[in-house]
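User: I would like a close look at one part of this model. Please keep it brisk.

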Amino acid sequence: MKAAVFLLFALLVPACLTSAQCLIDNVIDLKVQAAISSIVSSTLAKAKLLCQDVSARGALVSCPAGYKPTGCACGMGCGSWDIRSDSTCHCQCGGIDWTAARCCKIGVE
Amino acid sequence: MKAAVFLLFALLVPACLTSAQCLIDNVIDLKVQAAISSIVSSTLAKAKLLCQDVSARGALVSCPAGYKPTGCACGMGCGSWDIRSDSTCHCQCGGIDWTAARCCKIGVE
Amino acid sequence: MKAAVFLLFALLVPACLTSAQCLIDNVIDLKVQAAISSIVSSTLAKAKLLCQDVSARGALVSCPAGYKPTGCACGMGCGSWDIRSDSTCHCQCGGIDWTAARCCKIGVE
């Protein structure tokens, strides 16, 4: 039985290598391309921004693992902040009472 | 004609089940893997952050359906805000005159 | 050899067109679907939010090409800002000394 399969592909594979238009290649290619083009859009449709807020007392708060801060809010009406180590919101006004981070990642909803 | 196809696969399929290395499986696998690896990068290259700003009078403003707030801005210089229900910016300073939301989603540009 | 391949597909292809259940189609479909479903999740797992901060003196700062601002911070504690042309943070308080933008894009980490 293995011999039969080998014989079949001994015929097919060299034909693919020598012919510009290989039939079995084309059949598979077309099927794969058709399947993939529908997958590309459905994959992107499933991809969502997943976000959450975290807050803490003081001038610093970090996002959970895997999440990135996209913006920060501060107590005392303060709008001066920066992000440290790509993960932590830092409010700059003196004596700040609370700091919050808006944290997002890409995920499947 | 159906009998001929059946006969062909009667030879091929059992060979796949009994042999650790099935030739037809491998040929298809290689083609699929090659096609997919190029798709993965092109799919990600097409995926973009699509963002827009929305603003409204008062202390609350919501993002359009499908968009998530990534940060908020407030009138009166206020930087204290929070996000309600994962969709609405709320400015906390008293008597706030306007609220704006930066709203993003993943899409294809 | 080409004749042998042609003969093989002359048998197979019409069988696919005339039969509701085409064996070779099904074998390829199953393999493609299985490969793709694992790709969808691994592709999404590779997609990350890549973010960086940029800041500049004055009331305006733009994100690098390919990045979108998701939030802005301002000097002097100011929390009133807007985003111009989908790329530039603008702080609204008078005489603002610095402006920062949180800039993100989708990428592979």
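Is the disulfide of B:Cys78 and B:Cys93 left-handed or right-handed, and why? Please set it beside the other cysteine links.

Analyst: This is a predicted model. The torsion about the S-S bond of B:Cys78 and B:Cys93 is about 80 degrees, so the disulfide is right-handed. The sulfur atoms of B:Cys78 and B:Cys93 lie 2.0 Å apart. This pair ties together distant parts of chain B, 15 residues apart. B:Cys78 sits in the loop between S3 and strand S4 (81–84). B:Cys93 sits in the loop between S5 and S6.

B:Cys78 has 2% relative accessibility, so it counts as buried. B:Cys93 has a relative accessible area of 23%, so it is partly exposed; the cut-off for buried is under 20%.

Next, B:Cys74 and B:Cys91. A disulfide joins them, S to S 2.0 Å. The torsion about this S-S bond is -90 degrees, and the link is left-handed. It also connects distant parts of chain B: B:Cys74 belongs to strand S3 (residues 68–74) and B:Cys91 to strand S5 (residues 88–91), 17 residues apart. B:Cys74 counts as buried because its relative accessibility is 0%. B:Cys91 counts as buried at 2%.

Chain A has a disulfide between A:Cys74 and A:Cys91, with the sulfur atoms 2.0 Å apart. Its torsion is about -90 degrees, so this disulfide is left-handed. It runs from strand S3 (residues 68–74) to strand S5 (residues 88–91) of chain A. Both A:Cys74 and A:Cys91 are buried.

These links are among the 15 disulfides that the structure holds over all chains.

Definitions and conventions: Residues numbered from 1 in each chain as written. Chains lettered and ligands numbered in written order. Predicted model: local features only at pLDDT ≥ 70, side-chain atom pairs only at ≥ 80, totals over all residues. Heavy atoms only, no water. Disulfide = S-S within 2.5 Å. Helix = DSSP H or I, 4+ residues; strand = E, 2+ residues; numbered from the N terminus. Buried < 20%, exposed > 50% of the residue type's maximum accessible area, 1.4 Å probe, protein only.
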